[in-house]
Amino acid sequence: MTKPVVSIVKFEDAYHSLRKALELCDGLSGLKKDDKILIKPNLVSWDFNLPFPPFGVVTTSAVMAALVRILKEEGFSRLTIGEGSLMNPRPMGRQIFKVLGYEKLAEKYGVELVDFNEEKFTEIDFGPIKLSVANRALKADKIINLPVLKTHNQCKVSLGIKNLKGTISRRSKTHCHGKDWDLEHTFPHLATRLPVALTIIDGVFVLEKGPGPTGKAYRKNLIIASTDILAADIAGAEIMGYRAEEIEHLRYFAGLTGRSLDLQNLEIRGEDLNAHRQFIDYDWEWQEGDLGPIGFARRGITGLAIRKYDSSLCTGCSGMYNPMLIMFMSAFKGKPFPNVEVVSGKRQLASPGFDYTVLFGKCVCELNKDNPNIKHAIALKGCPPSIKDLEEGLKEAGIFCNYDEYVNYRHYIFNRYKKEEGFDLELYSIS
C-alpha cells in the first residue's frame, strides 16, 4: 500500500516555500481545472475594539495570497475563500476578510469571498450527531484546508480536521460542545463527508495554549502539506510534541475511517520532522481542588473557586472565559473574595457551601436553575455573557472589577510581540 505523503518545508518566502511544499507532496494532483475550489482558512475570530495579536491564531495572509497566486498560475479559476468566524453578535467575516487584505485577492484574481454565517446550511445526519453544514462547503468540488499550527485547550491540537468545524452553523458549533458527548467525537465526522483534497498547515507561527490570542505564539517557519488530511494532522501534532494516539479526535477519526495513526506509515518529504519537534503545551495549569488558575494562588487570591472549563464550554463562552478571569483579578484588593463559586458549560453543577454562585452563560444557568445548593445566584444568561454582564452581576456580591485593567492586559499580550523577533504584522496583510 502506498504511504500518504506529507511535505515539510521551511518558510522563507511564502510563494516559493509553498510551491516547494506542493511539489513535494504533489498537492494539486487531485484538482481539475474546472473544479469549484473552496479554500478554508482558520479565521476563528478578530477584535476590532482592542489590540488583537493574530500570530498563530489565524492563517497568515502571506500564505493565503501565495496559495491563490499559485492556483491561478496553474489554471484554477473557480476559487472561493470561505469561513464561518465567531459572530459578535452578528456575522463579522467580511470585516475580517477586509482587515486581512482578502478584498485585494478578490479584486486581483476574481476570488469570491464568502462568510458562511450569511448563507444557508444543510443539516447532515452523521449517525451519532446531526450538524448543519454550509451549503458552499457541501457544493464545492474540492476543498483546500488551510489551518494554523496551534494547540487547543479543549482538544490538545487544532489542525486540519478541527479547522473544518468552521464550516458548520453557530448552533451546530454549540451543539458539538454537548453535555452528554465528547467534543472530539463530533467535528471529525465532517472530514468523512467534505471533499478535502489538500491540507496545508500554516506553521509560520505555532501557538501555545491556544486557540485564541491569550495563548503565546512562537516563530516556527514551517509549511506542512498533504493531500491526506489525517496524515497532515499526524505530522502537525508530532511537530508540536504529541503522538497522534494522544489526540482523541485523531483516534476517533482513524477509527471512523479504518486508518493507522503510526507515523511510520507516512512518507515525510523535505525537512526532517524530528529536527522540528518541540513540545508546545496546550492547557492552562489549575490549582489543586479545582479552585482556579495557578496564577490566582500565586497572587494570594482566596475566597473564590473558579471551576475549570471542560469541553462542554462552547466557543462563544470560551472566548469570554479569559476576560472573566482578568476581571476577577482586577477586583482583587488583597482581601478574600466573599466565598464565591463560578461554574460554566453544560455539565458543571453548583456545589454546596458557597454564599454566591456565578453561573457563567446561558447553558449553565439552565442546568442549575433548580439547584438547591445555590444560596445566591449571579446568573449571567448571555450566550455568551459580555464583560458588562459580568461587571454588573458581580456588584451583587460586592465585587468591583476594573475594566481598564482588562484593557491594559490586552495591550500587554499584543505588545509582547516584537517585529524584530519575527512577529511581523505584514504577514497578515496583502499588498
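1. Basis. The structure is a predicted model, in which local features need pLDDT of at least 70, side-chain atom pairs count only at pLDDT 80 or more, and totals for chains, interfaces and linings use all residues. Residues are numbered from 1 along each chain as its sequence is written, and side-chain values use heavy atoms, with hydrogens and water left out.

2. Overall build. The chain holds 16 helices and 16 strands; helices (H or I, at least four residues) and strands (E, at least two) are DSSP runs, numbered from the N terminus. The radius of gyration is 22 Å, close to the 22 Å that the globule rule gives for 431 residues, so the chain is as compact as a globular protein of that length. That radius is taken over C-alpha atoms, and the globule rule is 2.2 Å times the number of residues to the power 0.38. Along the principal axes, the C-alpha atoms fill a box of roughly 65 × 50 × 40 Å.

3. Of the 431 residues, 58% are buried (under 20% relative accessible area, with a 1.4 Å probe and protein chains only). Among contacts (heavy atoms within 4.5 Å) with a separation of 6 or more, 69% are between residues 24 or more positions apart. The accessible surface comes to about 18,100 Å², and carbon and sulfur atoms account for 47% of this surface; the areas come from the Shrake-Rupley method with a 1.4 Å probe.

4. Helix α1. Residues 14-25 form this helix of 12 residues, which reaches 17 Å from its first C-alpha to its last, close to the expected 16 Å. The expected span is 1.5 Å times one less than the number of residues. The buried residues of α1, including Tyr-15, Leu-18 and Leu-22, pack against β1 (5-10), α2 (61-73), β10 (196-208) and β11 (216-226). At the start of α1, a side-chain oxygen of Asp-13 comes to within 3.2 Å of the backbone nitrogen of Tyr-15, while Asp-26, just after the helix, takes a positive phi of about 55°.

5. Ser-61. This residue lies in helix α2 and, at 0% relative accessibility, counts as buried. A polar atom of its side chain lies 2.8 Å from the backbone oxygen of Leu-100. Not counting residues up to four places away in sequence, Ser-61 touches Leu-100, Tyr-102, Leu-427, Tyr-428, Ser-429 and Ile-430.

6. Trp-286. The loop between α11 (273-276) and α12 (294-298) contains Trp-286, which counts as buried at 13% relative accessibility. The side chain of Trp-286 reaches the backbone oxygen of Ile-306 at 3.0 Å, and a polar contact of 3.4 Å joins it to the side chain of Asp-290. A polar contact is a pair of N or O atoms within 3.5 Å; within protein, one must be able to donate a hydrogen and the other to accept it, and residues adjacent in sequence count only if both atoms are side-chain atoms. Lys-308 is 22 residues from Trp-286 in sequence, and their C-alpha atoms are 7.2 Å apart.

7. Helix α16. Residues 403-415 make up this helix, whose buried residues are Tyr-406, Val-407, Tyr-409, Arg-410 and Ile-413. Seen down the axis of α16, they fall within an arc of 155°, so they line one face of the helix; the arc is that of the directions from the helix axis to the C-beta atoms. Their cover includes α13 (315-331) and α15 (387-394). Asn-402 caps the N-terminal end of α16, with a side-chain oxygen 3.0 Å from the backbone nitrogen of Asp-404.

Conventions
Buried means under 20% relative accessible area, exposed over 50%, partly exposed in between (1.4 Å probe, protein chains only).
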